[in-house]
Amino acid sequence: ICFDSANNLYYSGGNRIYRYNPSTKVVQPFAGNGVAANFDGQGTVFTAFSSPTVLACDQADNIYVWDSGNGTIRRIDQNQNVATIAGNGNYYSTADGFGTNASFYGTSAMFTDNTGDLFLVCGSSIRKMDAQTNVTTLAGSFYGNGFANGPGNVARFNSPSGGCFSHGAIYVADSGNNRIRSISFG
């Protein structure tokens, strides 16, 4: 789930993204036609997702979706335009890169900062996608679990499951290590 600036709640289910307006108490499909597929477009008729799970909202009220069945990150604007912005659907590798040159092996959490960056908790790594859709790994490893403090690829996580951005730092729920970890910049 995630909330936009007007306090609307977004959630995924049945290959769709729904919006709940707490003022009117109305739930309506926001994007996706309910069929497991992969179509960018506009609205609920001409777009499709396959097992969308994790959602995040930025300051411009764009909704980001981890479309797990397609291995992609999708963005939905407030006009209900759906666009694939990252991920190439290759489930058996994880790679940094621009937009659809990047690949993801699972995403358990997404969140944004004040500048439009999207952060992703992916497998045993923490990744960042900037406004130009450049995906980089900030900390952890694609292939190694464990526990280690240190810079970037020296750090190790074990089943990180959530995160947030606050006061210039990233906080990660490192559930396999029973710890809250912080990533600072600079």
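# A short walk through a predicted model

Hi everyone, let's start with one arginine: leaving out residues up to four places away in sequence, R74 touches N38, F39, D40, A48, F49, I63, Y64, V65, D67, V82, A83 and T84. Touching, or contact, means heavy atoms within 4.5 Å.

A word on the source before we go on. This is a predicted model, where local features need pLDDT of at least 70, side-chain atom pairs count only at pLDDT 80 or more, and totals for chains, interfaces and linings use all residues. Residues are numbered from 1 along each chain as its sequence is written, and side-chain values use heavy atoms, with hydrogens and water left out.

Back to our arginine. R74 sits in strand β8, residues 72–76. Strands are DSSP runs of E with at least two residues, numbered from the N terminus. Is R74 buried or exposed? R74 counts as buried because its relative accessibility is 0%; buried means under 20% relative accessible area, exposed over 50%, and partly exposed in between, with a 1.4 Å probe and protein chains only. A polar atom of the R74 side chain lies 2.9 Å from the backbone oxygen of F39.

Next, the nonpolar cores. A nonpolar core is a set of buried Ala, Val, Leu, Ile, Met, Phe, Trp, Tyr and Cys residues joined through side-chain atoms within 4.5 Å. The largest one has 15 residues, and those with the most contacts inside it are I73, F104, M110, L118, L120 and M129. Two or more residues of this core come from each of β6 (52–57), β7 (63–67), β9 (81–86) and β12 (118–122). The largest share, three residues, is given by β12. Take M129 as an example: setting aside neighbours within four places in sequence, M129 is in contact with I73, I85, A86, G116, D117, L118, L120, N134 and V135. Apart from this core lies another, of 12 residues, including C2, Y10, F49 and L55.

Now the cysteines. How many disulfides are there? A disulfide is a pair of cysteine sulfur atoms within 2.5 Å, and by this rule the count is zero.

Let's finish with strands. Strands of a sheet pair through backbone hydrogen bonds, either parallel or antiparallel. Here, two strands pair if DSSP finds at least two bridges between them. Strand β13 (residues 125–129) pairs with β14 in the antiparallel sense over five bridges, and S125 has G140 in β14 as its bridge partner. The hairpin of β13 and β14 has four residues between the strands, and there T133 takes a positive phi near 65°. β14 (residues 134–140) also pairs with β10 (residues 97–98), antiparallel over two bridges, with F98 opposite N134.

One more sheet: it is open, has three strands in the order β15-β16-β17, and its pairing is antiparallel. β15 (160–166) and β17 (179–184) stand at the edges with a single partner strand each, so one side of each has no neighbour in the sheet. Between β15 and β16 (residues 169–174) there are six bridges, and G163 stands opposite V172.

Methods:
Polar contact = N/O pair within 3.5 Å; in protein donor to acceptor, adjacent residues only side chain to side chain.
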